[in-house]
Amino acid sequence: PTQPDSRVPFFFGEPDRQLYGFYHAPQGQAQDMSPVLICSPLGVEYDQSHHFVHQLANLLARAGCPVMRFNYFGTGNSRGEPGEVTIAGLLADTCVAAGEVRARTGSAELVVVGIRSGATLAAGLVAAGEMCVPCRLVLWDGFLEGSGQKRGLGRHPDWTRGCGFSRSFVAEILRRAKDTDCALGNSESTLILQTHAQVDCLPLQSEPANKQAFIEFKEFPEVSFSSQSQAVPYKVRNYIVQWITAK
């Protein structure tokens, strides 16, 4: 029989910037696993990835990992409006969420899983050397610097359509530098996943500035991110779980 999910919904953060999250407590016998923070994508891709993220969190919890997923300010059930979303705010929200999951688990270690724009944010946060730098990092199809202009996404990329984000925010996230080398070098180990359909994602040819860092690149040429609205990409989901829980 299918086990019930372990999610507990709650609000956290500053009173004027309350964020909405779900905490998935580890199930079964404790296995001393690092907590996991999942950074979902923004806009239309949030809806496309929702089922995937939910299943990923449940599977990790069943494998013994404490897991947290959350809505950024101005998105989902968090306070604020889409027009108030900024890059600085998203980075701050991610740091607050990282602090929350560490406080709940008492662990200094952290694994951050970023998907699409969530991967862009996670990589940028690590590259900046913020206090919430994770010990391990999973990036799935993060954006390249300038990808919107280079790939014809233009002023209004598909993932932002109808979401109410400001033009200045869309322009900023598309032109923001993605210092992947620095991000990879600052993280203990990193898994970069890429699917065949994403021409605007982090290149598999990237090399970390820190040669001591462990980097793994994995391609799934048969998977399309946009297909998540129809079916969960099981191979990607299972690979992430195996990578995080491997001893």
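How many helices and strands does the chain have? The chain has 7 helices and 8 strands; helices (H or I, at least four residues) and strands (E, at least two) are DSSP runs, numbered from the N terminus. This is a predicted model, in which local features need pLDDT of at least 70 and side-chain atom pairs count only at pLDDT 80 or more, while totals for chains, interfaces and linings use all residues. Residues are numbered from 1 along each chain as its sequence is written, and side-chain values use heavy atoms, with hydrogens and water left out. Among contacts (heavy atoms within 4.5 Å) between residues at least 6 apart in sequence, 76% join residues at least 24 apart.

**Strand pairing**

Two strands are taken to pair if DSSP finds at least two bridges between them.

- S1 and S2 run antiparallel and are joined by 6 bridges, with Phe12 opposite Leu19 in S2.
- The hairpin of S1 and S2 has 6 residues between the strands, and Gly13 in this hairpin takes a positive phi near 95°.
- S2 also pairs with S4, in the antiparallel sense and over 5 bridges; here His24 stands opposite Val67 in S4.
- S3 and S4 pair in the parallel sense over 3 bridges, and Arg69 in S4 is the bridge partner of Ile38.
- S3 pairs in the parallel sense with S5 (residues 111–115) as well, over 4 bridges, and Leu37 stands opposite Val112 in S5.

- S2 is mostly covered, with 6 of its 6 residues buried.
- Leu19, Gly21 and Tyr23 point one way from S2, whereas Tyr20, Phe22 and His24 point the other way.
- From S3, Val36 and Ile38 point one way and Leu37 and Cys39 the other way, and all are buried.

**Nonpolar cores**

A nonpolar core is a set of buried Ala, Val, Leu, Ile, Met, Phe, Trp, Tyr and Cys residues joined through side-chain atoms within 4.5 Å.

- The largest nonpolar core has 34 residues, of which Leu37, Leu42, Met68, Phe70 and Phe169 touch the most other members.
- The elements that give two or more residues to this core include strands S1 (7–12), S2 (19–24), S3 (36–39) and S4 (67–71), together with helices H2 (87–105) and H3 (117–127).
- Another core, of 24 residues, lies apart from the largest one and has Phe52, Val138, Trp243 and Ile244 among its members.
- Leaving aside neighbours within four places in sequence, Leu42 is in contact with Tyr72, Thr75, Leu90, Ser117, Trp159, Phe165, Phe169 and Ile173.

**Helix H1 and its crossover**

- S3, H1 (residues 44–62) and S4 make a right-handed β-α-β unit; a crossover is right-handed if, with the strands pointing away from the viewer, the path from the first strand over the helix to the second runs clockwise.
- The 19 residues of H1 should span 27 Å at 1.5 Å a residue, and the end C-alpha atoms of H1 are 28 Å apart, which agrees; the expected span is 1.5 Å times one less than the number of residues.
- H1 bends by about 50° at His50, the bend being the angle between axes fitted to the seven residues ending there and the seven starting there.
- The buried residues of H1 include Phe52, Val53, Leu56, Ala57 and Leu60.
- Just after H1, Gly64 takes a positive phi of about 105°.

- The 19 residues of H2 should span 27 Å, and the end C-alpha atoms of H2 are 27 Å apart, which agrees.
- Among the buried residues of H2 are Ile87, Leu90, Leu91, Thr94, Ala97, Ala98 and Val101.
- H2 is followed by Gly106, whose phi is positive, near 70°.
- The buried residues of H7 are Val236, Arg237, Ile240, Val241, Trp243, Ile244 and Thr245, and what covers them includes S3, H1, S5, S6, S7 (189–195) and S8 (214–220).

**Arg116**

- Arg116 lies in the loop between S5 and H3 and has a positive phi of about 50° although it is not a glycine.
- Arg116 is buried, with a relative accessible area of 3%.

Note on methods: Buried means under 20% relative accessible area, exposed over 50%, partly exposed in between (1.4 Å probe, protein chains only).
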